[in-house]
Amino acid sequence: MLKIKEAVIVEGRYDKIKLSGIIDAPIIETNGFRIFKDREKQSLIRQIAKTRGILVFTDSDGAGFVIRNFLKGAVSEGQIKHCYIPQIEGKEKRKPQKSKEGLLGVEGVTDEVIINAIKKSGAVIIGKDAPVQSKITKADLYSLGLTGTENSSKLRLALLKKLGMPSYLSTNALLTALNCLYSFEELKSLIGEFYTNS
C-alpha cells in the first residue's frame, strides 16, 4: 500500500473504493458536479489543503477536467497537486455500457496505472520508516460522546458547525475529515469547549 501525505480528492464513491485498496491517505469525494454548489465541502477541502495539501485524482474525461479546474481555482496553488490517469478506452465492469467518451475512469484502470500516476504527480510518498500518527477512531468518537449517546447527533452537528464542515457528513466521512485536520487531543479539547460553554 502506498502511503502519501496529501489528502486525495476523487469524483465519487467507486473511485474512493478503488483507491482505498491501493493508497493509505484520506480520500474525499466531490460527489461529481455537486462540488460546484456545495460551499461546505469547498470549505472543508480548502481547510485540508492548508493542513496537508490535496491531490486531485479525477477521471481523464471532460467532466473530470471540469471538476479539476474548479478545484484548481478554489485552492491556493502551493496546496494542490494533480494526478492524471492516461486516456484508456474501455468500460468499467459495473457499467452496462461505455461512458459518453468511451474512456475508463479512476475506478476502471489497473492498480499499476494508479501507482504510476501518483508517483508522477509529485505527491509526497511516505516511507515505511516514517512515524505512524495515531488516528482518531470510531471508539474515540464514542468516548467523546459524538456517537452512541442520546445527545450525539446534536453534539456532532454543533461540532461540524463550529469547524465549518458539511452538516451532512456521515460518521466515516467525519472521521476522514477530522484525521486530516486534528489530533485526538485537539478534538478532545474542542469537545471540552462545548461542555465548558454550556
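## A loop, its rings and the fold around them

Asn 31 sits in the loop between S4 and H2. (Helices, H or I of at least four residues, and strands, E of at least two, are DSSP runs numbered from the N terminus.) Keep in mind that this is a predicted model, where local features need pLDDT of at least 70, side-chain atom pairs count only at pLDDT 80 or more, and totals for chains, interfaces and linings use all residues. Residues are numbered from 1 along each chain as its sequence is written, and side-chain values use heavy atoms, with hydrogens and water left out.

**Asn 31**
- Though not a glycine, Asn 31 has a positive phi of about 60°.
- For background, most residues other than glycine have a negative phi.
- Asn 31 is partly exposed, at 33% relative accessible area; buried means under 20%, exposed over 50% and partly exposed in between, with a 1.4 Å probe and protein chains only.

**The aromatic rings**
- What do Phe 33, Phe 36 and Phe 70 form? They make up one aromatic cluster.
- The count of aromatic pairs comes to three, where rings of Phe, Tyr and Trp (its six-membered ring) pair if their centres lie within 6.5 Å, and planes under 30 degrees apart are stacked, over 60 edge-to-face and the rest tilted.
- Phe 33 and Phe 36 are a stacked pair, 5.2 Å centre to centre with 20° between the planes.
- Phe 36 and Phe 70 have ring centres 4.9 Å apart and planes at 65°, so this pair is edge-to-face.
- Phe 36 lies in the loop between strand S4 (27–29) and helix H2 (39–52), while Phe 70 is in helix H3 (residues 62–74), so the pair ties together parts that are 34 residues apart in sequence.
- Phe 33 is partly exposed at 46% relative accessibility, Phe 36 is partly exposed at 29%, and Phe 70 is partly exposed at 25%.

**Lys 18 and its contacts**
- Lys 18 belongs to helix H1 (residues 13–20) and is partly exposed, at 21% relative accessibility.
- Which residues does Lys 18 touch, not counting residues up to four places away in sequence? They are Val 106, Glu 107, Val 109, Thr 110, Asp 111 and Ile 114, with contact meaning heavy atoms within 4.5 Å.
- Lys 18 and Ile 114 are 96 residues apart along the chain, and their C-alpha atoms are separated by 9.7 Å.

**The whole chain**
- The protein chain has eight helices and six strands, in the order β-β-α-β-β-α-β-α-β-α-α-α-α-α from the N terminus on.
- Its radius of gyration is 18 Å, close to the 16 Å that the globule rule gives for 198 residues, so the chain is as compact as a globular protein of that length. (The radius is taken over C-alpha atoms, and the rule is 2.2 Å times the number of residues to the power 0.38.)
- Along its principal axes, the C-alpha trace spans about 55 × 40 × 30 Å.
- Buried residues make up 43% of the 198 residues.
- Of the contacts between residues at least 6 apart in sequence, 63% join residues at least 24 apart.
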